[in-house]
Each structure stands twice: as C-alpha cells, then as structure tokens.
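Hi there,

I'm passing a structure on to you, as promised. Have a look at it first, and my notes follow just below.

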Amino acid sequence: MDYFVAVRTFNRVADLGSFAAAARDLGMSTSSVSRLVAELEAELGVRLLNRTTRRLSLTDSGIAYRERSGELIDAFEELNEATRAQSGKPSGLLRVTTSITLGESWVVQLLPAFNARYPDVYVGLDISDRVCDLVAEGFDVGVRSGPLKDSSMIARHMMELHYIVCGSPEYVAAHGMPRSPDDLARHKCILYSQPNLTGETWWFEHHGGEITVPVEGVMNVNNAWSVRVLMIAGVGIGFVPDFVVAHDLEAGRLLRLMPDWAASADDVHAVYPSKRHLSPKVRAFVDHLYEHRDIAPDFALEGL
C-alpha cells in the first residue's frame, strides 16, 4: 500500500464527506477510493470512518488521524515546494477556485497563455459561486470579489469591479426610466445573489456619500451572466459589473440607467494560504493574473 496516496485519499473523504465526492475530486473511481481507505484502516487496525447507507462520519480515531496526518502532508508538500523552488521552474498541479462571473469572463480566458508559458503546470480550475475553505479543500489559489473573510490568507489586489444599473430599451419603453434610487421601488428588479449576499440591497455613491437601497426582486439568480440574459429579454432591470454588459451597451441591447448614481466598487483579490515558501507555480499564476488584470473586460465579452 502507498501510504501517502492512501492518507491523502482518506483526508479528501473526510473533508468532502463521501467516497463519491472524493473520487471526483481526485480523478479516481469510487471503488478505488473505498478500497484505499479500507486498506489504510486494516493497516492501522482501527476504524477511521463510520459508514451508513445515508452518510459517512469520522470516528474519534478518524478525527485525530485526519488532524495529525494533514499536518504531516502539509509539511511534506511544503518541503517538495521548497525543493522545486530552488530550480525556480513552476510545475505540478495547481488547484484554483473562482466565482462564475470572474471565472468565465476572465480567469479561464488567461489559461491558454499561462499554459503556453508554463507547460509543466497542470491547472485544475473549479468555477463555482459556493463559499469554500481553500486549505480544507486543497486549493492553491482563490480568485474572488468582495470583502476578504479570512485574515490568515495572503491576498493580492487585482482590480475593482464597478456595478451599474441596466435595462433593455423595451423594458424602459414599457415601464419608464428610473432616475434615482427612490424610483427602484416601482420597478421589476432582477436580484443577483452572491455568497453571503441576497442581492436585495443595491448600493450607490452620490455627492461623496454612500447609500444602500432595498429592492423588490421579480427573479433571483446567482451569477451576472444570467442577469444579463434576463435584462436583454426585458424581464426587469439589474445591477451587475459593467464589463458583463459592456458590449450590450455598445450594441444598444441594454441601456445604462441612473448614470448619475455610481455604485461602490468591489475589490477582486487572488488569495492563497500563508506558507513560509511560496511555490513557483502559485507565484507564477498570481503574477500572470496581475499582468493581465487590465484587459479582462475587453476579451471577456468577445463573441457574446
């Protein structure tokens, strides 16, 4: 039995709560994952997991083993990264997580150039609006917008997202033009929910101050591209990052509403776990994002 593979497999099962989820994450079959965990338990002579038809849970021994083995694996991987860093050549698996809007409009667009520049780095990209724990789920880098939640992470500022209110010409013709936040109460608003945000409040800057405005939603979706589609269809008005609708504004498919009321900006950061030795692959990827931060809005909407 390969102890390292077996322990890493058990840790992913413990973190994700199922053999199937761990198998998907590791690129293995569910039966292989189950077999490795069973072999590890047999070798140790203890049961690490309680198995039922409905769920898995850690035994007391499993909890202790997960905590200690995680520390050892982190130390081993840090040693490997430090050794690789001596050559200065980025290589190995790089696991990245990002939101749907940023992932589809920016991060994934940068991967071809990154791959050409660093062919020995294998990127595993997870695009999702769910809130995840980078360390527990084994991600090397997270790319997110909004306030930073975890002070233990290292963060590098990439850019600002500026939100605007938009609607289709057909919607405005049928329902009128909102000119101030007070008018929003009389309009059909498409709510854009994000992690920890329901979308039921829109925020604006005006004459040096900031105000928040509660809005009534006719629909609620969890990514900006869906808001864009619904706005173009005339369902209602939305509050989205400006680059999402830049080409639609140019083409006249959407109108910018309330231009005198600017929205407060959202900061975009690349975040990664704090380690004594920053691996070449993480440094290379974060630098690549930073180098291309200004052109994200331009090629994000090509062909839309």
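Predicted model: local features only at pLDDT ≥ 70, side-chain atom pairs only at ≥ 80, totals over all residues.

Of its 304 residues, 43% count as buried. The secondary structure comes to 10 helices and 14 strands.

Next, a spot on the surface. Phe4, Val5, Phe76 and Leu79 form a nonpolar patch there, and together they have about 330 Å² of accessible area. Two elements, α1 (3-16) and α4 (60-87), each give two or more residues to this patch. Phe4 is a residue of helix α1. Is Phe4 buried, partly exposed or exposed? Its relative accessible area is 31%, and because buried means under 20% and exposed means over 50%, Phe4 counts as partly exposed.

Then there is a helix pair. Two packed helices are described by the angle between their axes and the distance between the axes. For helix α2 (residues 19-26) and helix α3 (residues 30-44), the axes come within 8 Å and cross at roughly 110°. Angles of 65 to 115 degrees count as roughly perpendicular, so α2 and α3 are roughly perpendicular to each other. Where they meet, α2 contributes Phe19, Ala20, Ala22 and Ala23, while α3 contributes Thr30, Val33, Ser34 and Val37.

Best wishes

Conventions
Residues numbered from 1 in each chain as written. Heavy atoms only, no water. Patch = residues over 30% accessible without salt bridge, like charges linked within 9 Å, V, L, I, M, F, W, Y side chains within 5 Å. Areas by Shrake-Rupley, 256 points an atom, 1.4 Å probe, with all protein chains shown as cover. Salt bridge = Lys/Arg side-chain N within 4 Å of Asp/Glu carboxyl O. Helix = DSSP H or I, 4+ residues; strand = E, 2+ residues; numbered from the N terminus. Buried < 20%, exposed > 50% of the residue type's maximum accessible area, 1.4 Å probe, protein only. Axes fitted to C-alpha atoms, helices over the stretch in contact; angles between N-to-C directions. Parallel < 35°, antiparallel > 145°, perpendicular 65-115°, else oblique. Contact = heavy atoms within 4.5 Å.
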